[in-house]
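Hi everyone, thanks for coming. Let's look at the structure together and talk about its aromatic rings and a bit of its surface.

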Amino acid sequence: MLVMVRPRTIWAILGIALLVWLVSRVSGVLTPFVLGTAIAYFLDPVADRLERLGFGRRWAVGVIALTIFAALGAAALWLLPALLIQLRQAVEALPHTVRMGFDLLNERFPELMEDGSFLRIIITDAFERLRQTALGMLGGTLSTVISAVGTIFVFIATPAVAIYLLYDWDRLVAGVNRRLPPERAPTIRRIARDIDDVLTGFVRGQMIVGALLATFYSTVLMAMGLNYGLLIGITSGVLNFIPYLGSFSGFLLATGVAVVQFWGDWWRVAGVAVVFVLGQLIEGNIVTPRIVGDSVKLHPVGLLLALAVGGALFGFAGLLLAVPLAAALGVVVRYFDAEYRAAIRRRRTPATPPPPRVD
């Protein structure tokens, strides 16, 4: 039996395919626009609230922009010098740490570190790849200049895009709303509201959780006297956006630094490891359920798959788009699944006979 496909559906599929192809071709320049759109989307409720307090849209956007720039400036003045110092110390200490690691392995496990052994081949190959990568990044003057210009463009264009979109956000939404097909408008609005709930619940929640974890790890690790504690704590909090990656990478980094720094004082090494185990337990059982909630319905495995596919197809812009697209796709799939099950129930429910006629 042939299935008739309406021309509108064919054009929609072709349009989506063309859009995906265009995004894949220009993904390198999409980063500031994706970031700016995301910032405007999440700040629009703040601007709406300021408007309800009596501010005009222009003044509301100005207040938000000044507040954010002031907060970023204060954070940069307070955190950036310490972060740069720790980053420089970590880079300078890396060769010495690698040599200490080799010496330790040679001393403790000489049979595993003999020339031609499996472990030595793996370690040597890994460090050779790192060295080649570093040389490749530092090698080309032209590519380095282009990369620097691109980074400056991102930092300049992102706030500009965010401010312009935030100012016109309500008009853009109203324009899209007017162009919805009348017969499908209620369904599209319902799905859009569900997507908005998922995105706000997940992304804003993860940002809050990441900030709390970064503060917790940085404070505790610096109090324990761990080298690069601020750098490791902030990195763990930022990477917490990807499930388990932040805590796992932070655990490996902090434990590795603790082993080198506190060699022989195993209680202190164990204490550093316990910090991340405790942080993961608190985050998974208390913080995330209360802040993010269970209504998001983004499974960690599905999120990891979306991040992997988005990064492979569209680079860094794909990583930024992976979460909202995965959330939107999940909402759409759940909607059609609910409609399908409702249709099955309607088919299985026998029709109620009409009441007998009384003359």
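Buried here means under 20% relative accessible area, exposed means over 50%, and partly exposed is in between, with a 1.4 Å probe and protein chains only. Their ring centres are 4.8 Å apart and their planes sit at 70°, so Tyr41 and Phe42 form an edge-to-face pair. The rule is that rings of Phe, Tyr and Trp (its six-membered ring) pair if their centres lie within 6.5 Å, with planes under 30 degrees apart called stacked, over 60 edge-to-face, and the rest tilted.

A quick word on where this comes from: it is a predicted model, where local features need pLDDT of at least 70 and side-chain atom pairs count only at pLDDT 80 or more, while totals for chains, interfaces and linings use all residues. Residues are numbered from 1 along each chain as its sequence is written, and side-chain values use heavy atoms, leaving out hydrogens and water.

Another of them joins Tyr335 and Phe336: with centres 5.3 Å apart and planes at 75°, the pair is edge-to-face. Is Tyr335 buried or exposed? At 13% relative accessibility, Tyr335 counts as buried, whereas Phe336 is exposed, at 52%.

Back to our opening pair: ring pairs link Tyr41 and Phe42 with Trp169 in a cluster.

Finally, please find Val63, which is partly exposed, with a relative accessible area of 32%.
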